[in-house]
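Let's take a walk through this protein together.

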Amino acid sequence: MRAELTGRPCRRLRGLMQIVILNGVNLNMLGKRDPAVYGSTTLSQLETLIYGWASDVGVTARCWQTNSEGTYIDMIHEAFTGGVDGLIVNPGAWTHYSYAIRDALELFPGPLVEVHLSNPEEREDWRRVSVIADLAAERVLGHGPEGYREALTFLAGSS
Ligand code: DQA
């Protein structure tokens with residue numbers, strides 16, 4: 001199955017750093033899902049913010065989201081084969097147990113930033129484990145949508 005592209009491309013100019021943002025399971029429900037934990041920003045609003053922030057820091061961004069673990073892995077493979085320079089990943093609950101996603105991320109040669117809207121380290125015990133944490137050049141936890149801006153700024157400065 002091919003990965004689905006959601007949202008609109010920010011800029012596809014050659015020469016700019018290309019960053020892909022991979023949002024995982026249940027993140028399509030942002031805005032409806034426990035706003036006290038995840039805030040009221042919808043996924044579509046978040047993607048609009050991300051494209052604006054990407055433009056501000058001079059990188060291209062593409063946002064993808066899926067609820068299928070296999071598709072998420074296909075998206076990582078596509079980033080690998082497509083010459084993407086950096087990844088921002090929020091795999092949702094897969095963060096805490098998916099070694100398949102971890103294995104796929106290990107293939108990716110560029111810098112990777114792990115972002116979570118909430119801070120999983122201050123929640124239930126099972127959320128304190130991240131099976132991808134040691135692959136991340138940077139982790140941004142609990143900063144809400146702003147965390148994606150921090151991740152873009154980090155990646156833009158890493159080129
Ligand atoms: C999350 C945190 C995860 O524990 C949870 O399962 C999510 C969202 C976050 O962004 O805060 O789905 O990744």
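What follows goes from the confidence of the model to the sheet, the helices, the ligand site and a few single residues.

This is a predicted model, in which local features need pLDDT of at least 70, side-chain atom pairs count only at pLDDT 80 or more, and totals for chains, interfaces and linings use all residues. Residues are numbered from 1 along each chain as its sequence is written. The protein chain has an average pLDDT of 92, and 91% of the residues score at least 70; pLDDT is the predictor's confidence in each residue, from 0 to 100. Residues 1–13 have a pLDDT below 50, and beyond near neighbours in sequence this stretch has 29 contacts in the model. Two residues are in contact if their C-beta atoms, placed from the backbone, lie within 7 Å.

Now turn to the sheet. It is open, with 5 strands in the order β2-β1-β3-β4-β5, and the pairing is parallel. The edges belong to β2 (59–65) and β5 (138–141); each has a single partner strand, so one side of each is left without a neighbour in the sheet. From one strand to the next, the twist averages 15°. A word on terms: helices (H or I, at least four residues) and strands (E, at least two) are DSSP runs, numbered from the N terminus, and two strands pair if DSSP finds at least two bridges between them. In general, strands of a sheet pair through backbone hydrogen bonds, either parallel or antiparallel.

We can follow the pairing strand by strand. β1 and β2 run parallel and share 7 bridges, and Gln18 has Thr60 of β2 as its bridge partner. Strand β1 (residues 17–23) is also joined to strand β3 (residues 86–90), by 5 bridges, with Asn23 opposite Asn90 in β3. Between β3 and β4 there are 3 bridges, again parallel; here Ile88 stands opposite Val113 in β4.

How many residues of β2 are buried? The count is 7 of its 7 residues, where buried means that 20 or more other C-beta atoms lie within 10 Å of the residue's own, exposed means 12 or fewer, and partly exposed is in between, with C-beta atoms placed from the backbone. In a regular strand the side chains alternate between the two faces of the sheet. In β2, Val59, Ala61, Cys63 and Gln65 point one way, while Thr60, Arg62 and Trp64 point the other way, and all are buried. β4 has 5 of its 5 residues buried, so it is largely enclosed by the rest of the structure. Leu112, Glu114 and His116 are on one side of β4, and Val113 and Val115 are on the other.

Next, the helices. Helix α2 (residues 43–57) lies across β1 and β2, at about 165° to β2, and helix α3 (residues 69–81) lies across β1, β2 and β3, at about 175° to β1. Axes are lines fitted to C-alpha atoms, for helices over the stretch in contact, and angles run from 0 to 180 degrees between N-to-C directions. Within α3, Ile76 is buried, with 27 C-beta neighbours inside 10 Å. Apart from neighbours within four places in sequence, Ile76 contacts Leu22, Ala104, Leu105 and Phe108. Helix α5 (residues 146–156) has several buried residues, including Tyr148, Leu152 and Leu155; its buried residues pack against β1, α2, β2, β3, β4 (112–116) and β5.

Which residues are around the ligand? They are Asn26, Asn90, Gly92, Ala93, Thr95, His116, Leu117, Ser118, Pro120 and Arg127, where near means a C-beta atom, placed from the backbone, within 6 Å of the molecule. This shell has 3 nonpolar, 6 polar and 1 charged residues; Ala, Val, Leu, Ile, Met, Phe, Trp, Tyr, Cys and Pro count as nonpolar, Asp, Glu, Lys and Arg as charged, and the others, Gly among them, as polar.

Ser118 is in the loop between β4 and β5 and is partly exposed, with 18 C-beta neighbours inside 10 Å. Beyond four places in sequence, Ser118 contacts Val37, Tyr38, Arg123 and Gly142. Asn26 belongs to the loop between β1 and α1 (35–38), and its phi is positive, about 75°, although it is not a glycine. Most residues other than glycine have a negative phi.
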